[in-house]
Amino acid sequence: APTTKAPTTTDAPTTKAPTTTDAPTTNSLRKNIGYHTNWAQYRTGSYKFVPEDIDATKLTHICYAFAMPNKDFELQPFEWNDVLDYNPSQGMYARFHTHVRAQNPSIKTLIAIGGWTFNAKPETNWIFSTLSSSVSSRATFIQSSINFARTHGFDGIDIDWEYPNYASQGGQPEDYANFPLLIQEFREAITLEADKSGREPLLLTIAVPAYNPTISNGYDVPAIHPFVDWIGVMSYDLHGSWESITGLHTQLYAPDTPISVSGGMQAWLEAGAPADKLVMGVGTYGRGWTLQDTT
């Protein structure tokens with residue numbers, strides 16, 4: 001799970017609605033954030049993993065992966081059993097919240113939106129670019145996401161667009177300017193909703209790559225970071241079977257390449273992200289290869 005030392009002025013929201021549209025503040029000293037992937041329910045035997053298998057005592061925050069915007073830019077569940085019979089009290093969302101809150105009443109939950117598969121498939125990889133391109137489509141997505149989070153009991157929203165201005169996955173050059181608008185307007189809507197409802201503001205976070213040029217091409221970091229509670233750097237899957245050689249997918253240091261955990265964190269610092277908003281991702285799994293030539 002990603003961890004970071006907490007910021008002193010620009011981290012998770014307080015229990016009182018903020019009076020500005022910047023990200024609220026917290027006195028928490030540490031965040032330990034996990035992701036629960038609902039497709040783990042389809043594993044077989046002892047590898048199957050469902051909400052009741054989560055140890056929520058180890059976490060301060062947990063993201064449920066994933067939900068997705070549809071072609072009308074409204075948020076919907078990803079798996080068939082996230083919500084059953086259109087009833088928020090039935091399905092995996094409900095099981096997830098019942099379990100983690102019983103184990104750890106202070107835990108904060110977020111619904112993660114997007115993910116690699118959503119952004120890779122031609123039938124859906126255009127959606128983030130298109131919804132971020134106009135005021136009206138951004139508003140539709142934002143309001144739908146806020147309503148979705150409130151309806152299903154989540155404390156925040158984690159945007160996992162992989163990646164703005166990444167052409168091979170549907171990205172457009174305009175994403176560089178449109179993504180900050182989406183994030184700023186999202187924060188403004190969250191603040192307004194909290195003011196009206198008297199509830200604690202929803203968290204707003206983003207999951208981002210750990211390598212260039214994907215960072216520099218897709219993210220106007222100074223325009224984004226004031227409006228998010230944290231930036232989750234996906235410093236894992238740095239190497240894999242898509243390459244022609246083997247490599248450690250979570251290598252901490254790599255003297256001959258910037259593609260490493262430390263290189264990814266440094267790239268975000270150099271791009272203008274405050275250290276107290278960066279969360280370092282840790283892959284709690286391994287990767288293997290089948291060699292083309294066993295000699």
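Author: A definition comes first. A crossing is right-handed if the near helix is turned clockwise from the far one by less than a right angle, and left-handed if anticlockwise. Note also that the model is predicted.

Now the pair. Helix H4 covers residues 135–151, and helix H5 covers residues 175–197. Their axes lie 10 Å apart. The packing angle is about 45°. Angles under 35 degrees count as roughly parallel, and 65 to 115 as roughly perpendicular. H4 and H5 are therefore oblique to each other. The crossing of H4 past H5 is right-handed.

Next, the residues that touch. H4 contributes Arg 138, Phe 141, Ile 142, Gln 143, Ser 145, Ile 146 and Arg 150. H5 answers with Asn 178, Leu 181, Leu 182, Glu 185, Phe 186, Ala 189, Ile 190, Glu 193 and Ser 197. Sorted by class, this contact holds eight nonpolar, four polar and four charged residues.

Finally, the setting. The protein chain has eight helices and nine strands. Its radius of gyration is 19 Å, close to the 19 Å that the globule rule gives for 295 residues, so the chain is as compact as a globular protein of that length. The C-alpha trace spans about 65 × 45 × 40 Å along its principal axes. Of the 295 residues, 51% are buried. Take the chain's contacts between residues at least 6 apart in sequence: 74% of them join residues at least 24 apart.

How values were computed:
Residues are numbered from 1 along each chain as its sequence is written. This is a predicted model: local features need pLDDT of at least 70, side-chain atom pairs count only at pLDDT 80 or more; totals for chains, interfaces and linings use all residues. Side-chain values use heavy atoms; hydrogens and water are left out. Axes are lines fitted to C-alpha atoms, for helices over the stretch in contact, and angles run from 0 to 180 degrees between N-to-C directions. Helices (H or I, at least four residues) and strands (E, at least two) are DSSP runs, numbered from the N terminus. Angles under 35 degrees count as roughly parallel, over 145 as roughly antiparallel, 65 to 115 as roughly perpendicular and the rest as oblique. Contact means heavy atoms within 4.5 Å. Ala, Val, Leu, Ile, Met, Phe, Trp, Tyr, Cys and Pro count as nonpolar, Asp, Glu, Lys and Arg as charged, and the others, Gly among them, as polar. The radius of gyration is taken over C-alpha atoms; the globule rule is 2.2 Å times the number of residues to the power 0.38. Buried means under 20% relative accessible area, exposed over 50%, partly exposed in between (1.4 Å probe, protein chains only).
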